[in-house]
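Let's take a walk through a protein chain together. Have a look at the sequence and the model, and then we will go from the overall shape to single residues.

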Amino acid sequence: MKIRRYNLSLYIAGGIVLVITSLILKPFALVGAGERGVIMRFGKVQDAILDEGIHPILPIVTSVKTLSVRVQKTDMKADAASKDLQKISTDLAVNWNIDPAKANQVFQQVGDEEQIVTSILSPAISDTIPDSIATSFQGASQVFQSSLPSLGLLLAIAVLVIYLILGILYEDFLHPITILSGLPSAGFGALLTRKMQS
């Protein structure tokens, strides 16, 4: 009877040691949904790739790095200058994913997801956007821009018409000039007031 109790307590103690050792050494690798596991033996990447699920591994000898193979979105900012030296900021969104069949090669040659973004995507986007960008107006802005060169002529014609109307009204050619001489200071005051309000 004593021997059986001794054997039973030995089995229980052995089971507890086995469970604790399993928890510490982690003899299983868990690869989640949308991921692939890259197997490394003593740090060397192996050819086999682990699919989703739980997989037995040799603790200490084998380690597993999981990489997401889902489509990932990376947001980036890129800056450039237009030909008239205006700063243009662009927000870009790049969708990318790792080929599940080549996850081990990607990890061996590039690294994990963060290293893919910093060493491949960022330089590629920087090379794609040129240092200077040609900009042009479209639609209503284009019509407004094309009318700006004739704005000076239109202003000169308006001042001439106002002079003629004032000349007819006062029946004098000198008095309208004194009235029109206040236009530059009135324009300056209007622009200054607008600047102070904004």
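We begin with the whole chain and then visit two residues.

Keep in mind that this is a predicted model. The chain contains seven helices and eight strands. Its radius of gyration is 38 Å, well over the 16 Å that the globule rule gives for 198 residues, so the chain is more spread out than a compact globule.

How much of the chain is buried? Of the 198 residues, 20% count as buried. The chain exposes about 15,300 Å², and carbon and sulfur atoms supply 64% of that area. Among the contacts with a separation of 6 or more, 57% are accounted for by residues 24 or more positions apart.

Now find Thr74, which sits in strand 6, covering residues 72-82. Thr74 has a relative accessible area of 11%, and because the cut-off for buried is under 20%, it counts as buried. Leaving aside neighbours within four places in sequence, Thr74 is in contact with Leu92, Ala93, Val94, Trp96, Val117 and Leu121. With one of these, Trp96, there is also a polar contact between the two side chains, at 2.8 Å.

Next, move to Ile60, in the loop between strand 4 (53-56) and strand 5 (62-68). Is this residue buried or exposed? Its relative accessible area is 73%, and exposed means over 50%, so Ile60 is exposed. Ile60 also belongs to a nonpolar surface patch of about 720 Å², made together with Leu8, Ile12, Ile16, Ile20, Ile24 and Leu25.

How values were computed. Residues numbered from 1 in each chain as written. Predicted model: local features only at pLDDT ≥ 70, side-chain atom pairs only at ≥ 80, totals over all residues. Heavy atoms only, no water. Helix = DSSP H or I, 4+ residues; strand = E, 2+ residues; numbered from the N terminus. Buried < 20%, exposed > 50% of the residue type's maximum accessible area, 1.4 Å probe, protein only. Polar contact = N/O pair within 3.5 Å; in protein donor to acceptor, adjacent residues only side chain to side chain. Contact = heavy atoms within 4.5 Å. Patch = residues over 30% accessible without salt bridge, like charges linked within 9 Å, V, L, I, M, F, W, Y side chains within 5 Å. Areas by Shrake-Rupley, 256 points an atom, 1.4 Å probe, with all protein chains shown as cover. Salt bridge = Lys/Arg side-chain N within 4 Å of Asp/Glu carboxyl O. Rg over C-alpha atoms; globule rule 2.2 N^0.38 Å.
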